Amino acid sequence: MKVRPTSDHDRARLKAATDRSLKRAGGGTLFSDQTRVEAPVLSKYKAVHEETAYMPIDVAVDCDMVAGAPIILSAMAATLGYSVSPIAPEAVRYAPELVGSLIRETGEASAAILEAMADGKLTDNERTRIAGEIDQAAMALWKLRASLSVA
């Protein structure tokens, strides 16, 4: 048996990030029209029981691009002990919808944390969900921050 440098938890994090990115990209059926892989195969990439099916790197980039956030990339970076941040501010002007997005995403992150804390135990699934919600809130914050840098 081969010993892999990634753990079961690492691989579960990647599966969860794939699921979040696919959802944010509109789901497998819609996203399949924007990449080289069909919807049934995309479903395997997010399924925890499909232990050998992971999204190819080019499809992951497509997915994160359509999702509008580096969800899968961030999970990969976190697994390696790194974080992802924008290279340069996005060329967008401040817009009220960015504030709304920040409020919504931080609210969802807070709700996930409080829900997980309700029973006093934090499962791997709860950790993964919380991490995903925090990733989305962080991206909303970065988008708002970037908008403030543009004249």
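These legends describe close-up views of a predicted model.

**View 1. Helix 1 packs against helix 5.** Two packed helices are described by the angle between their axes and the distance between the axes. Here the axes of helix 1 (residues 8–24) and helix 5 (residues 71–79) come within 8 Å and cross at roughly 165°. Angles over 145 degrees count as roughly antiparallel, so helix 1 and helix 5 are roughly antiparallel to each other. Their crossing is right-handed. Helix 1 contributes Asp10, Arg13, Leu14, Ala17, Thr18, Arg20, Ser21 and Arg24 to the contact, and helix 5 contributes Ile71, Ile72, Ala75, Met76, Ala78 and Thr79. Sorted by class, the residues of this contact are seven nonpolar, three polar and four charged.

**View 2. Aspartate 8 and arginine 11 form a salt bridge.** The N to O distance between their side chains is 2.6 Å. The two residues are three apart in helix 1, which means that about one helical turn separates them. Aspartate 8 is exposed, at 62% relative accessibility, whereas arginine 11 is buried, at 13% relative accessible area.

**View 3. Lysine 23 and aspartate 19 form a salt bridge.** Their closest N and O atoms are 3.2 Å apart. Both residues belong to helix 1 and lie four residues apart, about one turn of the helix. Lysine 23 is exposed, with a relative accessible area of 59%. A network of salt bridges links Asp19, Lys23 and Lys46.

**View 4. Arginine 104 and glutamate 105 form a salt bridge.** The closest N and O atoms of this pair are 3.4 Å apart. Arginine 104 is partly exposed, at 46% relative accessibility, while glutamate 105 is buried, at 6% relative accessible area. The count for the model comes to eight salt bridges.

Key:
Residues are numbered from 1 along each chain as its sequence is written. This is a predicted model: local features need pLDDT of at least 70, side-chain atom pairs count only at pLDDT 80 or more; totals for chains, interfaces and linings use all residues. Side-chain values use heavy atoms; hydrogens and water are left out. Axes are lines fitted to C-alpha atoms, for helices over the stretch in contact, and angles run from 0 to 180 degrees between N-to-C directions. Angles under 35 degrees count as roughly parallel, over 145 as roughly antiparallel, 65 to 115 as roughly perpendicular and the rest as oblique. A crossing is left-handed if the near helix is turned anticlockwise from the far one by less than a right angle, and right-handed if clockwise. Contact means heavy atoms within 4.5 Å. Ala, Val, Leu, Ile, Met, Phe, Trp, Tyr, Cys and Pro count as nonpolar, Asp, Glu, Lys and Arg as charged, and the others, Gly among them, as polar. A salt bridge is a side-chain nitrogen of Lys or Arg within 4 Å of a carboxyl oxygen of Asp or Glu. Buried means under 20% relative accessible area, exposed over 50%, partly exposed in between (1.4 Å probe, protein chains only).
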